[in-house]
Amino acid sequence: MATIRDVAKQAGVSPATVSRVVNGLVGYSDETRERVENAIKSLNYETDSLARGLKTRQTSVIGLLAPMVSDALASQVMQGVEEEAQERGYAVMLGRTGAKSAYIAGYLRTLRTYRAAGVILISAVITPETRQLLGPSVPIISVAISDKSGSPSVAIDDEQAAYDATRHLLRLGHRRIGLLTGDPASVHVARPRERGYLRAMAEAKCPPVTATGTFFYESGAPGVDALLQQEPGLTAIFAVSDEMGAAVVNELQRRGLRVPEDVSVLGFDNTSTSRHVNPPLSTMAQPLEEMGRMAVKKLLRSRDLGPKIMPHRLIERGSTGPRAEPPPAPPAAPPQTTQAPARNDTGTLEPVG
């Protein structure tokens with residue numbers, strides 16, 4: 001029996017392209033479509049494919065919903081999803097949702113109607129409304145976020161990762177460490193990372209200094225201002241995203257402060273942004289592409305949809321270093337003495353020298 005890989009090999013295309021043609025999606029030329037259709041007829045694949053679709057009531061399409069397609073984190077997760085899906089003969093239907101629930105609802109209804117093989121959410125929690133809109137027959141999983149409720153997900157332990165990041169700065173000798181956190185409404189990402197920071201600072205008996213950002217670059221400069229107003233003597237700043245971390249580096253340098261000699265900066269995620277700042281950003285890494293691949297694997301093994309905690313790791317680059325010792329105090333000036341004028345035998349004063 002011919003498989004989708006057999007068709008792809010004969011047509012000289014990827015399995016994902018065959019899937020797109022079979023399912024009527026876009027993203028290929030007329031010449032490619034003709035080659036695929038000829039291979040399907042030659043190998044008698046079409047009948048088998050349609051029979052499988054009727055039997056499973058699913059198409060070879062995976063829905064991928066991302067809040068911001070241009071976001072570095074989402075882009076790296078998407079790369080892992082698309083690579084794994086193509087290798088397994090599935091096409092990916094991408095939807096940019098932003099923060100608008102109406103967009104998410106619209107995509108979910110479409111994917112349900114289309115009988116998608118599954119849906120992957122990036123940085124979004126699976127809610128009861130989500131499940132209701134999608135229906136019971138379409139499996140769903142979230143990536144890069146976990147609500148600790150046992151919902152299908154692939155994520156790191158955000159609280160532990162932030163704790164480990166703060167401990168790293170403490171081991172470097174820093175005691176005045178500021179936290180630039182994300183949107184407090186992000187109860188499944190920003191708040192766990194803040195809890196990890198606060199736990200590490202409490203254990204070290206160091207006072208916390210916090211400011212709120214949005215996870216994105218634009219909130220970095222206001223965050224630096226808020227932190228330094230609270231504690232002008234900060235020697236380290238932990239930003240809970242690489243975008244904010246890059247902005248912190250640039251803002252500190254604009255103020256005439258050296259990174260890391262005056263202030264160390266640590267980011268979070270290990271996105272491409274962390275490598276495109278000077279000095280390169282030390283960061284707490286999530287295995288984003290691997291997380292995307294794992295989501296596809298778990299989605300297609302619908303019996304294995306429990307939460308999956310992925311490992312995090314620290315990547316040290318040029319933006320962090322040991323706390324600089326304060327410059328030594330200048331030596332005390334010797335006491336100044338004034339020599340009294342000498343007296344002659346007659347009792348009158350004589351000049352000295």
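Guide: Axes are lines fitted to C-alpha atoms, for helices over the stretch in contact, and angles run from 0 to 180 degrees between N-to-C directions. This is a predicted model, in which local features need pLDDT of at least 70 and side-chain atom pairs pLDDT 80 or more, while totals for chains, interfaces and linings use all residues. Residues are numbered from 1 along each chain as its sequence is written, and side-chain values use heavy atoms, without hydrogens and water.

Visitor: How are H1 and H2 oriented to each other?
Guide: The axes of helix H1 (residues 4–11) and helix H2 (residues 15–22) lie 8 Å apart, at an angle of about 100°; helices are DSSP runs (H or I, at least four residues) and strands likewise (E, at least two). Angles of 65 to 115 degrees carry one label, and H1 and H2 are therefore roughly perpendicular.

Visitor: Which residues in H2 do Ile4, Arg5, Val7 and Ala8 meet?
Guide: Contact means heavy atoms within 4.5 Å. On that basis, the four residues Ile4, Arg5, Val7 and Ala8 in H1 meet Pro15, Val18 and Ser19.

Visitor: Over which ring does the charged end of arginine 193 sit?
Guide: The criterion places NZ of Lys or CZ of Arg within 6 Å of the ring centre and within 35 degrees of the ring normal. Arginine 193 has its charged end 3.8 Å from the centre of the ring of phenylalanine 268.

Visitor: Which are the edge strands?
Guide: The open sheet, with mixed pairing, runs E7-E6-E8-E9-E10-E12, where two strands pair if DSSP finds at least two bridges between them. Strands that pair on one side only are E7 (209–212) and E12 (313–315).

Key
Angles under 35 degrees count as roughly parallel, over 145 as roughly antiparallel, 65 to 115 as roughly perpendicular and the rest as oblique.
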